[in-house]
Amino acid sequence: MGTGEARLGGSERRGPVAGLLLAAGSGSRLGRPKALVELGGERLVDRGVRMLAEGGCAPVLVVLGAADTRVEGALTVHNTDWSSGMGSSVRAGIDALPDSVDAVLVALADQPLVTPAAVRRLVEAYEQGARAAVATYNGNPRNPVLLGREHWSTVYSMAERDVGARPFLRAYSHLVTSVSCDDIASPEDIDTAEDLARMSEMLDRA
């Protein structure tokens with residue numbers, strides 16, 4: 001895991017932005033791993049990988065844990081400590097990022113209403129000079145989150161139990177660019193069967 005140095009100024013050439021999808025949980029309230037849940041005929045893990053790729057991220061990595069499955073179009077990372085919470089998945093994902101990558105965009109598999117357009121908006125903020133950025137909804141920071149390489153070690157050290165980048169976003173808010181995504185995405189997540197049914201209806205109406 002390298003930390004690198006900050007690259008300032010939107011005019012400088014920037015390296016690739018990797019996509020990192022966290023999909024390791026068991027879905028205890030849902031009764032099955034969320035990665036394998038289908039929505040609109042597509043597994044959440046595949047939907048998340050597609051979202052990151054279409055949004056401009058390459059390579060795309062997916063952190064798995066409770067479910068061990070083949071995922072097309074992504075490098076898979078198995079988090080053996082997945083039961084301890086999201087923090088271990090963030091650390092496993094950062095450990096697996098290639099040296100060629102300058103930034104990573106982190107997304108969650110259980111937020112299927114986050115769109116490729118939201119991912120592109122954060123990538124564009126990075127291309128314009130942002131070294132850390134977060135999608136906001138009604139002014140509230142949620143997901144996805146983009147992190148320049150120089151921030152990885154700090155995020156890594158602060159990601160514990162069931163929290164990922166949130167402690168970093170709070171402690172270093174002065175370094176984080178807020179990117180409004182209200183008009184193109186939603187951070188609603190799937191925790192229960194009722195959530196899944198509601199989102200299926202939303203997609204059917206769209």
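The structure is a predicted model, in which local features need pLDDT of at least 70, side-chain atom pairs count only at pLDDT 80 or more, and totals for chains, interfaces and linings use all residues. Residues are numbered from 1 along each chain as its sequence is written, and side-chain values use heavy atoms, with hydrogens and water left out.

Seven of the seven residues of strand 1 are buried, where buried means under 20% relative accessible area, exposed over 50% and partly exposed in between, with a 1.4 Å probe and protein chains only. In a regular strand the side chains alternate between the two faces of the sheet. Both faces of strand 1 are covered, with Val-17, Gly-19, Leu-21 and Ala-23 on one side and Ala-18, Leu-20 and Leu-22 on the other. Strand 1 runs parallel to strand 6 (103-108), to which six bridges join it; two strands pair if DSSP finds at least two bridges between them. Within this pairing, Leu-20 stands opposite Val-106 of strand 6. Five bridges also link strand 1 to strand 4, again in the parallel sense, and Leu-22 has Val-63 of strand 4 as its bridge partner.

Six of its six residues are buried, so strand 7 is largely enclosed by the rest of the structure. Ala-132, Val-134 and Thr-136 are on one side, while Ala-133, Ala-135 and Tyr-137 are on the other. Strand 8 (residues 140-148) runs antiparallel to strand 7 and is joined to it by five bridges, with Val-134 partnered by Val-145. Strands 7 and 8 form a hairpin with two residues between them, and Asn-138 in the turn has a positive phi of about 55 degrees. Strand 7 also pairs with strand 9 (residues 177-180), here in the parallel sense over four bridges; Thr-136 has Ser-180 of strand 9 as its bridge partner.

The nonpolar cores come next. A nonpolar core is a set of buried Ala, Val, Leu, Ile, Met, Phe, Trp, Tyr and Cys residues joined through side-chain atoms within 4.5 Å. The largest has 33 residues, of which Leu-52, Val-62 and Leu-105 touch the most other members. A second, separate core of 26 residues includes Ile-94, Val-106, Ala-132 and Leu-169. In soluble globular proteins, nonpolar side chains tend to be buried together.

Helix 1 carries Leu-52, one of its buried residues, along with Leu-44, Val-45, Arg-47, Gly-48, Val-49 and Met-51. Leaving aside neighbours within four places in sequence, Leu-52 is in contact (heavy atoms within 4.5 Å) with residues including Leu-20, Leu-105 and Val-119. Gly-56, which follows helix 1, has a positive phi near 105 degrees.

What space is left between the atoms? On a 1 Å grid over the protein atoms alone, a cavity is a set of points where a 1.4 Å probe fits but cannot get out, and a pocket is an open set with protein on both sides within 12 Å along at least five of seven lines; lining residues have an atom within 4 Å of a point. Grid points are joined across faces, edges and corners, and a volume is the space filled by probe spheres set on the points. The largest pocket holds about 1,100 Å³. Its lining has 44 residues, with Met-86, Leu-108, Asp-110, Asp-162 and Arg-166 nearest the centre. Strand 8 gives the largest share of this lining, five residues.

There is one cavity of 30 Å³ or more, and the largest cavity holds about 50 Å³. Among the residues lining the largest cavity are Leu-44, Met-51, Leu-108 and Gln-111, and helix 1 gives the most to this lining, with four residues. Gln-111 sits in the loop between strand 6 and helix 3 (116-127). Gln-111 counts as buried because its relative accessibility is 4%. Beyond its neighbours within four places in sequence, Gln-111 is in contact with Arg-142, Asn-143, Pro-187, Glu-188 and Asp-189.
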